[in-house]
Amino acid sequence: MSAFKSDFLRIMSERGFIHQISDESGLDDLFAKEVVTAYIGFDPTASSLHAGGLIQIMMLYWMQQTGHRPVALMGGGTGMVGDPSFKDEARKLMTPETIQSNIDGIKRVFSNYLTFGDGPRDALMANNAEWLLPLNYLEFLRDVGQHFSVNRMLSFDSVKLRLDRDQSLSFLEFNYMILQAYDFVELNRRYGVRLQMGGSDQWGNIVNGIDLGHRLGTPQLYALTTPLLTTASGAKMGKSLSGAVWLNPDLLSPYDFWQYWRNTEDADVGRFLKLYTTLPLAEIAKLAALGGAEINEAKKVLATEVTAMLHGREAAEQAAETARQTFEQGVTADTLPSVEIARGELEAGIGLLALFVKAGLAGSNGEARRHVQGGAVRLNDEPVTDERRMVTLQDLSPENAVKLSLGKKKHILVRPA
């Protein structure tokens with residue numbers, strides 16, 4: 001279907017969010033005539049989401065911006081089982097305390113994108129532990145389990161992949177798709193949810209929910225999935241060389257988050273501006289058309305806009321200014337990320353390799369040594385070739401810090417405590 005009547009689906013289509021829709025014309029009609037409630041589920045596998053989950057949060061954002069009601073579902077119940085979809089092995093089981101702690105961490109991000117409240121279009125945060133934990137197993141098997149065909153469940157790609165690789169799929173994990181389907185039905189009963197959205201790997205699970213809804217007498221339910229997102233070179237979204245690109249500022253500073261987007265590959269700039277910012281499409285087209293060195297200006301706009309939505313405009317502008325001072329003026333900006341070490345360690349002298357590990361720029365002395373040998377290490381903007389170099393109080397700059405640099409784009413200030 002080329003042209004949508006509803007604002008929401010038109011924006012989703014124009015900005016590249018749509019991979020599959022279960023019934024395009026039916027869903028478009030629904031969005032055009034009433035306030036639609038839709039949900040996306042978030043697994044509490046860590047204390048923060050990472051950049052790979054931003055596409056889902058942006059879908060909820062556009063839902064609300066076009067006059068509809070978004071629901072962010074925390075998987076407090078399903079998190080006790082773990083989603084096996086396209087995973088090579090079972091996830092480590094988490095305690096209820098860990099799950100709750102992770103949910104508390106994840107929740108903090110959503111208020112930057114959504115307005116929560118009790119109004120008809122206000123966003124809602126739900127937790128499936130509310131209805132999954134009290135379930136009576138035998139009643140659930142009788143009332144819900146009877147509607148699932150094991151033959152059909154075995155045909156889903158997410159399950160077949162594990163079985164084809166001869167990886168064990170536990171009965172516990174096999175239940176996950178039944179629980180997710182039940183979530184859809186329960187959310188319809190409680191809040192009038194008609195649409196479930198998610199990544200393309202969730203298609204089978206979502207369609208299961210639509211099918212269960214048919215059998216249990218809900219109104220027509222719908223599915224919408226996003227493409228599996230990778231960078232132009234094939235890297236998974238949300239991962240960088242130094243690890244996950246976390247959304248919570250206590251796990252990744254706004255400056256480092258800004259840098260992740262500033263380092264976007266040229267071929268991805270236009271696509272990412274559409275998905276991760278709210279800039280008008282005409283402006284995005286102009287930025288994406290920039291060539292040569294000018295594309296770097298578009299990357300800075302991308303980085304600043306994405307960071308502003310997550311961390312606020314002030315933090316984004318500060319990150320941009322810190323980068324400008326550091327890279328374009330070659331000065332030590334005091335807003336760079338910093339770590340503290342005991343003053344006594346600098347008085348006695350600390351090895352450069354160990355300092356790089358303490359600062360989080362290398363995972364081990366061996367990795368730091370390889371960076372030195374590769375010419376990627378600078379101390380106070382001066383190249384270092386001696387891997388046995390000691391860092392002392394004499395290396396402190398007038399700003400009372402030692403600046404460590406790895407390559408051209410990773411910098412950290414070490415301050416004595």
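The questions and answers that follow concern a predicted model.

Q: Why are α12 and α15 called oblique to each other?
A: Helix α12 (residues 254–262) and helix α15 (residues 295–311) pack at an angle of about 140°. Angles over 145 degrees count as roughly antiparallel and 65 to 115 as roughly perpendicular, with the rest as oblique. The two helices are therefore oblique.

Q: Which residues of α12 and α15 make the contact?
A: On α12 they are Pro254, Phe257, Trp258, Trp261 and Arg262. The residues of α15 include Asn296, Leu302, Val306 and Leu310. The axes are 8 Å apart, and α12 passes α15 in a right-handed crossing.

Q: What makes β1 and β4 edge strands?
A: The open sheet has six strands in the order β1-β6-β5-β2-β3-β4. β1 (20–21) and β4 (124–127) each have a single partner strand, so one side of each lacks a neighbour in the sheet.

Q: How do you know that β5 and β6 pair?
A: Two strands pair if there are at least two bridges between them. Strands β5 (residues 193–199) and β6 (residues 222–226) have five, in the parallel sense. Leucine 195, for one, has tyrosine 222 in β6 as its bridge partner.

Methods:
Residues are numbered from 1 along each chain as its sequence is written. This is a predicted model: local features need pLDDT of at least 70, side-chain atom pairs count only at pLDDT 80 or more; totals for chains, interfaces and linings use all residues. Side-chain values use heavy atoms; hydrogens and water are left out. Helices (H or I, at least four residues) and strands (E, at least two) are DSSP runs, numbered from the N terminus. Axes are lines fitted to C-alpha atoms, for helices over the stretch in contact, and angles run from 0 to 180 degrees between N-to-C directions. Angles under 35 degrees count as roughly parallel, over 145 as roughly antiparallel, 65 to 115 as roughly perpendicular and the rest as oblique. A crossing is left-handed if the near helix is turned anticlockwise from the far one by less than a right angle, and right-handed if clockwise. Contact means heavy atoms within 4.5 Å.
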